[in-house]
Amino acid sequence: MLSQPTIASFKAGLRGELIEPGDQGYESARKVYNAMIDKRPRLIARCMDVADVILAVTFGRENKLPIAIRGGGHNAAGLGVWDEALVIDLSPMRYVRVDPKKRTVLAGGGALWGDVDHATHAFGLAVPAGIIATTGVGGLTLGGGIGHLTRQCGLTIDNLLGVDMVLADGRFVTANAKENADLFWAVRGGGGNFGVVTSFLYKAHPIHTDYAGPTLWPLEDAAEVMRWYRDFITKAPDSLNGFFAFLTVPPGPPFPPHLHMKKMCGVVWCYTGPARKAEAVFKPIRQFKTPALDLVGPIPHPALQSMFDPLFPPGQQWYWKADFVRELSDKAIALHVQHGSALPTWQSTMHLYPIDGAAGRVKNTATPWAYRDAKWAEVMVGVDPDPANREKISSWAKAYWTALHPYAAGGAYVNFMMEEGDERIRATYGKNYDRLAKIKKRYDPANLFHVNQNIKPAK
Ligand SMILES: Cc1cc2nc3c(=O)[nH]c(=O)nc-3n(C[C@H](O)[C@H](O)[C@H](O)COP(=O)(O)OP(=O)(O)OC[C@H]3O[C@@H](n4cnc5c(N)ncnc54)[C@H](O)[C@@H]3O)c2cc1C
């Protein structure tokens, strides 16, 4: 039991707010992006700076509270919040500093990708991120980071130059290729297992305007489109990214009314090569089969990055299932078409993200991300605002995944996983798991940071 004087002294030491059950704002502060998650933490410490984080980690450890670290709060499994825990909420730490000469970007541990895109675009630069701008820099980076620039620039972790962190014992350290190199290896995919990252330092790329957007085809053509996509994208230049999707056309502009709420398949493209070559790069795509909708064209990078944000506001029910995929056989494609054609709600979707190109040229052991030899990260997500549809969206995602899992590589991208148990986590890290467990033992032997896709300290 925490006494009121103990809490009062913690509160007095913090620059940021300390929120308790019953306080105004507690109900909204405990919410995360996925409305399926309904956790009631004991305390929420809104940390303003590193000093607040050190204080919070020390308080949590000394008072034997479970600690949940919250970056952007987007995690599929809702691992930024936990029952009866101390939530170290980094949302006040959203600063971004761009060094245009060195082409580096420093982002606070609670920054969102939209913050980074906004800051970097002013200098004609971009950092590889995910496809939704409201996602946190923290969780996405620590899990790997797949997005529109994966084939061109690699995963987000391949562009991470270093981190500042607060460890379980309250020490503040920097980890990069030269300092605490074991820790730097571990945070590039090992999640929030090793401490609270207070800032991330990234390499940025000279990317300002993409030639990008979706091309959509009728569901009747899905098998043919998928087979063509499989062969096309794996031979495409790195400067062309394209993820395949089964989706329902949203009921509003810029989509034409005759397609509204129609289930379709498509590819969301992003070309980052020279603008003068864009038309030629897209010629074979448009020639393969004239799309029913072609919204591809020049677009500022932050506009592409935030294109899907309005379709997926916070507060929806989300159920995720995922796998890595090495080969997309005709048999697997037939199953994809069967389940992908049965999207249970209009926001539900299946995405196949390419992870070849620059991301695929990194060794499986160079970072904890053990599936560099896979070609795609596959994810089935059931999404709907209505809690009454929870079962409907979950059972669709589970059935789809179960049908395709025999054709998959074994593990899944940690950031696309719900709470699925130790075996799944081990399958995901593969041969890298034991090394992660040893580093975990060194930096967090008591497993203070266990609200995550947890790596148990080695015995
Ligand atoms: C709509 C949507 C779209 C997405 N699209 C993509 C995509 O395109 N590409 C992709 O790769 N992923 C994508 N994701 C998955 C995303 O990467 C994960 O959900 C990720 O965990 C979100 O990070 P967060 O900081 O917002 O989450 P949080 O819930 O705040 O945290 C997630 C995990 O990371 C830990 N963590 C967060 N910040 C820190 C920190 N600073 N220090 C230590 N630990 C920390 C937390 O403890 C928790 O375990 C998407 C998710 C959603 C909901």
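A pocket is an open set of grid points with protein on both sides within 12 Å along at least five of seven lines. With that idea in hand, here are some close-up views of this predicted model.

**View 1. The second largest pocket holds about 350 Å³.** Of the 22 residues lining this pocket, Ser-28, Lys-31, Val-32, Tyr-33 and Arg-70 are the closest to its centre. Helix H2 (residues 26–29) gives the most to the lining, with 3 residues. Sorted by class, the lining of the second largest pocket has 7 nonpolar, 8 polar and 7 charged residues.

View 2. Three strands each supply at least two lining residues: E10 (209–218), E11 (240–248) and E16 (349–354). Strand E11 gives the most, with 4 residues. What classes of residue make up this lining? There are 19 nonpolar and 6 polar residues, and no charged ones.

**View 3. Here we visit the second largest cavity, with a volume of about 50 Å³.** A search of the whole structure finds 2 cavities of 30 Å³ or more. Among the residues lining the second largest cavity are Phe-324, Trp-369, Tyr-371, Tyr-413 and Tyr-429. Gly-189 and Thr-428 also take part in this lining. By class, the lining has 9 nonpolar and 2 polar residues, with no charged residue.

**View 4. Four strands make an open sheet in the order E1-E2-E4-E3.** The pairing in this sheet is mixed. Strand E1 (18–19) and strand E3 (67–70) are the edge strands, each pairing on one side only. Strand E2 (residues 43–46) runs parallel to strand E4 (residues 86–89), and 4 bridges link the pair. Look for Leu-43, which stands opposite Leu-86 in E4. Helix H3 (residues 50–62) lies across E2, E3 and E4, at about 165° to E4.

**View 5. Another open sheet has 5 strands, in the order E5-E6-E9-E7-E8.** Its pairing is antiparallel. Strand E5 (96–99) and strand E8 (172–176) have a single partner strand each, so one side of each is left without a neighbour in the sheet. On average, neighbouring strands of this sheet are turned by 15° against each other, direction ignored. Strands E6 (residues 104–108) and E9 (residues 196–203) run antiparallel and are joined by 5 bridges. In this pair, Thr-104 stands opposite Lys-203 in E9. Helix H4 (residues 113–121) lies across E5, E6 and E9, running at about 35° to E5.

Conventions: Residues numbered from 1 in each chain as written. Predicted model: local features only at pLDDT ≥ 70, side-chain atom pairs only at ≥ 80, totals over all residues. Heavy atoms only, no water. Pairing = 2+ DSSP bridges. Contact = heavy atoms within 4.5 Å. Axes fitted to C-alpha atoms, helices over the stretch in contact; angles between N-to-C directions. 1 Å grid on protein atoms, 1.4 Å probe; cavity = no way out; pocket = protein on both sides within 12 Å on 5 of 7 lines; lining within 4 Å. Points joined across faces, edges and corners; volume = space filled by probe spheres on them. Nonpolar A, V, L, I, M, F, W, Y, C, P; charged D, E, K, R; others polar.
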